[in-house]
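Please open the structure in a viewer and keep the selection tool at hand.

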Amino acid sequence: MKFYIETYGCQMNVADSELVAGILVREGWGQARSMDEADVILFNTCTVRQHAEDRVLGRITSEARRKHAKPHLKIGILGCVAQRLGNSLLTDYPMIDLVVGTDQYLQLPRMLSMLDNWGARDSVETNPKQLYFDAHPLRQGRHSGFVTIMRGCDNYCSYCIVPHVRGHERSRITEDILMEVHHAGKGGFKDITLLGQNVNSYSYDGVGFPELLVRVNKVPTIRRVRFITSHPKDLSDVLIGAMAELDKVCEHIHLPMQAGDDTILQRMNRGYTSGHYLGLVEKLRAAAPGIAVTSDIMCGFPGETEEQFQRTFDLMEQIRFDYAYTFKYSPREGTAAADMSDQVPEEVRLERLNRLIDLQSRITTEVYREQIGTVKEVFVEQTSKKSDEELSGRSRDSKIVVFPGHAGRISDFVKVRITEASGWTLRGEALDNE
Ligand code: SF4
């Protein structure tokens, strides 16, 4: 019997899909290369925006036609939509056979065997303390690896559904993380990203995140360490110092700013001011010159006036992020912001978003052009999408670099001189001409 997983959403979901694949393969399941080959299709879903949820439910509905040709085919829904909507999915979407929330993956083989034996549709109670001590992700397809270090979030930003869905923050045992990093490195995943909703608040038995980085930095099988996501309120001077000193920690930080106006930040429950945020960026750039700073920015939060939006715009212009993901606020039922009475009209949110997109693409173009002439160490991940004679990889400062080369160099570290910048991609030539 074979399974196929289609993944939506953030890196946490990509890592969770690898975990689910590891759990199923350990129980003797095979991996299908496509939906056509599969006996079970699992959709690992994202609920951060209503649009994301609607999209995946539409996709599941359309893929249900496969059951006509293959009556034994089962369809399962995993992840945040499963966690949020629970058993109601079984009632509202008759083509769904099982619903498995983010803390229930260890029970998936049992649930599937029940379906197989009895044809029963199933979902199970969640375990809010789940940390998957005993499960090993099946990494594949890429040469950079994710390692989840914590699950859940306690921050309750007023616009965000994640804490309501993924539950309270809990950190994995430090030794388990180190072991997983070691094994990932042995498997060829030399560029590791530590994952959590707020990695800066990692804490297990007296080990905080800076100390975790020190220990991960000593794992001999890997060459690079990154982490995502950092919350500005928890980014300490000690952590900035560790980033500057540890040789494997890459010169990149993703630090969501969200807004540049203090009233809006307070209403978002973000726990910092625009001045504090700016101070962090200055400290990071002073401690680690050349560090890439990237961000998430939201516009049209409830009550946002034109002047408040302009503060966000101005702060983005002042900071000059290497790149930033820009969003218009989208209300999520069950969050505090969705109940705020002063929602900004959709057309205003859209117009502000377009201004942010224009601003950031101009800045990204400028920042990327400034890279021309520099030499970057690139970890080669794959052949380029456009040509088999070109390779694509990532620099330490998290930029995609494309250069001529052959597939035999995948998973090598190559020095590349940057000759061109287009969009969010740099192009160059290898210095060793191998
Ligand atoms: S830190 Fe805020 S935005 Fe990030 S997951 Fe937690 S609640 Fe959501």
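Predicted model: local features only at pLDDT ≥ 70, side-chain atom pairs only at ≥ 80, totals over all residues.

**Ligand site.** Begin by selecting the ligand together with the residues around it: Cys153, Asn155, Tyr156, Cys157, Tyr159, Cys160, Val162, Pro163, Gln197, His231 and Arg270. Coloured by class, this shell shows seven nonpolar, three polar and one charged residues.

**Helices H13 and H14.** Next, select residues 306-319 (helix H13) and residues 346-369 (helix H14), whose axes come within 10 Å and cross at roughly 10 degrees. Angles under 35 degrees count as roughly parallel, and H13 is therefore roughly parallel to H14. Display the side chains at the contact: those of H13 include Phe309, Phe313 and Met316, and those of H14 include Leu356, Leu359 and Ile363. The residues of this contact divide into six nonpolar, two polar and five charged.

**From S16 to H14.** Lys328 and Glu346 are joined by a salt bridge of 3.0 Å, N to O. This pair links strand S16 (residues 323-328) to helix H14.

**From S13 to S17.** Finally, select Arg224 and Glu377, a salt bridge whose closest N and O atoms are 3.0 Å apart. The partners lie in strands S13 and S17, 153 residues apart. Arg224 is buried, with a relative accessible area of 0%, and Glu377 is buried at 16%.

Note on methods:
Residues numbered from 1 in each chain as written. Heavy atoms only, no water. Near = heavy atom within 4 Å. Nonpolar A, V, L, I, M, F, W, Y, C, P; charged D, E, K, R; others polar. Axes fitted to C-alpha atoms, helices over the stretch in contact; angles between N-to-C directions. Helix = DSSP H or I, 4+ residues; strand = E, 2+ residues; numbered from the N terminus. Parallel < 35°, antiparallel > 145°, perpendicular 65-115°, else oblique. Contact = heavy atoms within 4.5 Å. Salt bridge = Lys/Arg side-chain N within 4 Å of Asp/Glu carboxyl O. Buried < 20%, exposed > 50% of the residue type's maximum accessible area, 1.4 Å probe, protein only.
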